[in-house]
Amino acid sequence: MLKKMGEAVARVARKVNETVESGSDTLDLAECKLVSFPIGIYKVLRNVSGQIHLITLANNELKSLTSKFMTTFNQLRDVPVEKLAAMPALRSINLRFNPLNAEVRVIAPPLIKFDMLMSPDGARAPLP
């Protein structure tokens with residue numbers, strides 16, 4: 001069991017390092033057996049988090065994403081609305097101050113059964 005956990009941690013570290021080193025706008029953490037978003041990732045990605053526009057978290061065991069996730073990655077544009085709509089336990093998602101594309105803003109409301117918090121189009125996060 002410890003070996004499998006070690007392999008999962010190494011996979012996450014490898015994927016995060018690939019994103020940082022390549023300057024990619026995509027962070028792919030699919031199939032990493034995550035139950036939460038690792039806090040250490042915020043520190044590693046602090047210099048590139050503003051350029052990340054797509055995060056893939058498919059096939060994990062996530063129970064929640066913290067507000068720190070949403071405030072750190074506030075440049076997300078695309079939201080997999082169909083996949084979110086298929087999550088029966090999801091009650092709310094806060095996507096405020098993300099430059100969501102128009103398609104997400106139009107398609108999402110009729111499909112989802114949970115609260116999806118969005119800022120008005122073009123709104124900017126307040127400066128700290």
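Asn-59 is placed in the loop between E2 and H3; helices (H or I, at least four residues) and strands (E, at least two) are DSSP runs numbered from the N terminus. The structure is a predicted model, in which local features need pLDDT of at least 70 and side-chain atom pairs count only at pLDDT 80 or more, whereas totals for chains, interfaces and linings use all residues. Residues are numbered from 1 along each chain as its sequence is written, and side-chain values use heavy atoms, with hydrogens and water left out.

The phi angle of Asn-59 is near 55 degrees, a positive value in a residue other than glycine. Asn-59 counts as exposed because its relative accessibility is 58%; buried denotes under 20% relative accessible area, exposed over 50%, and partly exposed the range in between (1.4 Å probe, protein chains only). Asn-60 is likewise found in the loop between E2 and H3, but Asn-60 is buried, with a relative accessible area of 17%.

The side chain of Asn-60 takes part in two polar contacts, a term for a pair of N or O atoms within 3.5 Å; within protein, one must be able to donate a hydrogen and the other to accept it, and residues adjacent in sequence count only if both atoms are side-chain atoms. A polar atom of this side chain lies 2.9 Å from the backbone oxygen of Leu-29, and a polar atom of the side chain lies 2.9 Å from the backbone nitrogen of Lys-33. Leaving aside residues up to four places away in sequence, Asn-60 touches Leu-29, Ala-30, Glu-31, Cys-32, Lys-33 and Leu-34, where contact means heavy atoms within 4.5 Å. Of these residues, Glu-31 has a positive phi of about 55 degrees although it is not a glycine. Glu-31 belongs to the loop between strand E1 (26–28) and helix H2 (39–44).

Helix H1 (residues 2–22) contains Ala-10, and Val-16 is also found in helix H1. Ala-10 is partly exposed, at 37% relative accessibility, while Val-16 is buried, at 3%. Val-16 and Leu-45, 29 residues apart in sequence, are 7.7 Å apart in space from C-alpha to C-alpha. Beyond residues up to four places away in sequence, Val-16 touches Leu-27, Leu-29, Ile-41, Val-44 and Leu-45.

The secondary structure of the protein comprises five helices and four strands, in the order α-β-α-β-α-α-β-α-β from the N terminus. Of the 128 residues, 32% count as buried. Among contacts between residues at least 6 apart in sequence, 56% join residues at least 24 apart.

The largest pocket has a volume of about 1,000 Å³. A pocket is an open set of points on a 1 Å grid over the protein atoms alone, where a 1.4 Å probe fits, with protein on both sides within 12 Å along at least five of seven lines; lining residues have an atom within 4 Å of a point. The lining of the largest pocket consists of 32 residues, of which Leu-57, Leu-62, Leu-65, Leu-84 and Met-87 lie nearest the centre. Strand E2 (54–56), helix H3 (67–72), helix H4 (81–85) and strand E3 (92–94) are the elements that give two or more residues to this lining.

Methods:
Points joined across faces, edges and corners; volume = space filled by probe spheres on them.
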